[in-house]
Amino acid sequence: MTKFCLTSYLYPFEQRSRYERWAYGPLFFSNYHNPMSSEILSVLEYMEKEKGISRADMIAAIVNAIKTAALKGVNSGQDLKIEISPKNGQLHAWSLLKVVDSVSNPRAEIHLEKAQAIKPGAMLGDTVEKEIDPATLGRIAAQTARQAVMQKLRQFEKDRIYDDFKDMVGNIVTGTVRRKERNDIFIDLGKAEAVLSGKEQVPGEEYQPGDRIRCLLLAIESTPRGPELMLSRASPKFVRRLFEVEVAEIADGTVKIEAFAREPGYRTKIAVTSTDSKVDPVGACVGARGARVKTIVRELNGEKIDIINYFADPKQMIIEALKPAVPRDIQLDDKNHRILLKVANEDLAIAIGRKGQNARLTSRLIGWRLDIEEFHAASTDPRATAIGNLVKTFGLEQTFAERLVAIGINSPAAFEGVGADDLVDAGFSDDEAQAIIAKVGSAQ
């Protein structure tokens, strides 16, 4: 007789439900039907009520496991039939024997006379079912039954995890930190355990076992151990989902997030538009007295968030994205999708940001490569400017204008009171002087 307690192998005692407390004592394979049926029935009830696995599925798994294991052990060479009653859990086993007149293999054959004693009217070539004691199936079969239950439970847990969470990918979930292994944090989501890997964590954030945490369910990955729930707090999608949760106008589609860029733990830039002219998209995201954005910043442990209006024109977009810095010159290279931006020296640090952070985020936000330089005003030559003014105003020859500037006549106003004699005294010939005075006079 083999003692076997099926569910005593499944969970620690303190984690068991009332359907499992019977587990210390009953015999799985026994000549006594009551303990045996009590054991199996309790397993079936537990799996059905606590885990949602149907009795039919569990019975099929246990029967197949017992039969396979028994045929590999002391019952090798036999053809077995095993049944478990779904109502009372009783297990019955039969050896299937072929009726012959001369027995050469006692494990597979039975003499006609003995067959007729079991099944009156049996004839040569028939198959009779000879009931056997389940205890003769052996210890290996008992252990295999336990393994079948555990395997079925594991498979059910895998299927249930996928079914429960497949529609939640991309949404925010809340859980409790359980433990940390290397750089990975394992989080209890109630129905399953999930992993927040090191690369999906925000720099500077620390969590201890028992802490509550909100994350984005990033993906469900298939592994040899079954489906694994992958979480993220570093993904830009996490902040996007926070806005969708906190801002009703985003949730109903009135406000749209058109562009998004994030450096986890430091800064996020978000560009928004509104489908309703009466709704200010930036104001809707910020909320009354900043209430909405403050809630998101608090969840992100102080990460800065810039919310701006979206423009399809890259020039307008970059002006909006760099505020309070003011671009002095913007040069677009449409072919290479590149922008050269020049700002005054006092705005250079603001435009670039700490360790180039603001420039990188702005570049990602508008989708163009961004180069930032200091703006230098073009230097002017007063003499050249004066010469140009005289040429343009009076139509003078360049050489005449240069000579006039050299003697101090550097603007149209400087000709007031100047006559031909004055120009001759300054070195011009009489003809040159008359020509200049004539052009000046005609222009005035």
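Student: Is F415 buried or exposed?
Tutor: F415 is at 4% relative accessibility, so F415 counts as buried (buried is under 20% relative accessible area, exposed over 50%, partly exposed in between, with a 1.4 Å probe and protein chains only). This is a predicted model: local features need pLDDT of at least 70, side-chain atom pairs count only at pLDDT 80 or more, and totals for chains, interfaces and linings use all residues. Residues are numbered from 1 along each chain as its sequence is written, and side-chain values use heavy atoms, with hydrogens and water left out.

Student: And how many aromatic pairs are there?
Tutor: Searching the whole structure gives 2 aromatic pairs (ring centres of Phe, Tyr and Trp, its six-membered ring, within 6.5 Å; planes under 30 degrees apart are stacked, over 60 edge-to-face, the rest tilted). F394 and F415 make an edge-to-face pair, 5.2 Å centre to centre with 80° between the planes.

Student: What about F400 and F428?
Tutor: Their centres are 6.4 Å apart and their planes at 80°, so that pair is edge-to-face. Both F400 and F428 are buried.

Student: Which residue lies over the face of F428?
Tutor: R403, at 4.2 Å from the ring centre (the cut-offs are NZ of Lys or CZ of Arg within 6 Å of the centre and within 35 degrees of the ring normal).

Student: Switching topic: which α10 residues meet α11?
Tutor: I350, A351 and I352 in α10 meet Q357, N358 and A359 in α11 (contact is heavy atoms within 4.5 Å; helices are DSSP runs of H or I, at least four residues, numbered from the N terminus).

Methods: Helix = DSSP H or I, 4+ residues; strand = E, 2+ residues; numbered from the N terminus.
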